[in-house]
Amino acid sequence: MPEPKFFKSDPDKNSVFGYGYADIIGKYDWNNTIRLVEDASDEDVRRVIAKARANRKPLTPEEFAVLISPAATPYIEELAALSRHFTKERFGNIISMYIPMYVSNECTNKCIYCGFNHDNPFHRTTLSLQEVEAECKAIKELGPFENLLIVAGEYPTKCGVDYLEKVLEVCRPYFHNLTIEVQPMRARDYERLTHSGLNGVVCFQETYNKESYKTFHPRGMKSHFDWRLNGFDRMGEAGVHKIGMGALLGLEDWQGDAVMLARHLRYLQKKYWRSRFSVNFPRMRPSESGYKPKSIISDKQLAQLTFAFRIFDHDVDISYSTREDPEFRNHLLSLGVTSMSAGSRTEPGGYVSEPDALEQFEVCDGRSPLEVSKAIEKEGYQTVWKDWDAVFD
Ligand code: SF4
């Protein structure tokens with residue numbers, strides 16, 4: 001595969017495609033992965049649950065596959081109880097709060113399922129630094145947030161490392177914990193941003209099915225599966241404190257992507273043991289951007305996935321965004337989830353004004369941050385606004 005021109009002359013070994021998990025994923029066949037889920041029997045489920053209960057050894061990704069199988073669905077109450085137990089044991093009764101700030105909706109990619117797609121004609125904008133600061137102030141009026149997720153489309157010449165460095169510097173006096181969700185970058189760029197207060201990076205592989213990935217991402221830098229996949233290694237190499245990952249569930253067979261995600265997480269945890277990890281399970285809905293998902297994940301299936309993931313990994317942060325509705329989020333907050341967003345606007349400048357801009361996804365939980373916090377406390381949980389201090393950087 002040819003290197004993209006943008007990185008051609010870069011001598012940094014981490015900027016080439018062949019370094020990292022892309023060398024390893026090939027040993028996992030997609031169809032065999034799905035068969036692990038489809039072929040799981042009742043006996044397999046009982047065996048894996050017994051192992052999880054004994055809690056002497058972590059589950060393997062293949063055992064995780066059993067827990068998300070249709071054969072495990074009758075055991076969902078048992079899975080919920082185990083998930084709740086391991087979450088309380090590791091995290092206590094807390095939900096950590098964060099809020100996204102969209103700084104740009106410009107994008108050079110052509111993801112066929114996304115409204116920000118380069119070919120979609122609508123007004124694009126990248127916030128000026130003054131506008132970024134105004135957004136920070138507006139967010140602070142919504143609630144005592146300290147965890148900020150800075151989000152942008154992928155447009156490296158407008159929203160690259162120079163711009164992001166300045167954005168981080170503007171945001172840092174307002175928030176203790178800064179995370180970005182932008183285009184994958186070189187290891188040295190991530191490292192540079194950590195000196196400006198970057199604490200975490202979130203990236204979604206979208207799907208681990210390399211063949212269909214190309215169909216969903218036909219043009220732009222994102223069309224390079226290996227570059228994106230190896231981005232997580234570059235984050236680890238750069239010493240990013242917290243690495244967020246996930247797949248867009250529904251693009252492909254969701255169980256296949258979930259098992260691949262579990263394998264990827266295990267690989268990263270072993271190799272980059274100094275970093276912490278979080279997962280998020282965004283699911284596609286039938287109406288989103290007019291795009292018809294390949295598989296629809298129901299509330300019950302998403303709950304089963306969440307429980308199974310917590311049983312698989314007791315330490316990973318499981319995050320739920322405002323893509324999910326209030327009732328579902330209230331239900332799950334004591335059963336495995338550890339962080340939630342609230343009060344989210346998903347268009348640039350959305351906190352200062354009510355711009356008539358396209359939202360990247362529909363917000364299903366429109367409650368204010370304080371309403372979400374009250375719902376958390378009603379369940380006997382504590383809302384944590386700050387769990388990181390800038391002096392740790
Ligand atoms: S999913 Fe992300 S990269 Fe793809 S078009 Fe939308 S904003 Fe751009």
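In which hand does α7 pass α10? The structure is a predicted model, in which local features need pLDDT of at least 70 and side-chain atom pairs count only at pLDDT 80 or more, whereas totals for chains, interfaces and linings use all residues. Residues are numbered from 1 along each chain as its sequence is written.

The crossing of α7 past α10 is right-handed, a term that applies if the near helix is turned clockwise from the far one by less than a right angle. The contact is formed by A187, Y190, E191 and T194 of α7 together with R234, M235, E237 and A238 of α10, contact being defined by C-beta atoms, placed from the backbone, that lie within 7 Å. By class, these residues comprise 4 nonpolar, 1 polar and 3 charged, where Ala, Val, Leu, Ile, Met, Phe, Trp, Tyr, Cys and Pro count as nonpolar, Asp, Glu, Lys and Arg as charged, and the others, Gly among them, as polar.

Overall, the protein has 14 helices and 9 strands, assigned as DSSP runs numbered from the N terminus, with helices (H or I) of at least four residues and strands (E) of at least two. Along its principal axes, the C-alpha trace of the protein spans about 60 × 50 × 40 Å.

Key. Two residues are in contact if their C-beta atoms, placed from the backbone, lie within 7 Å.
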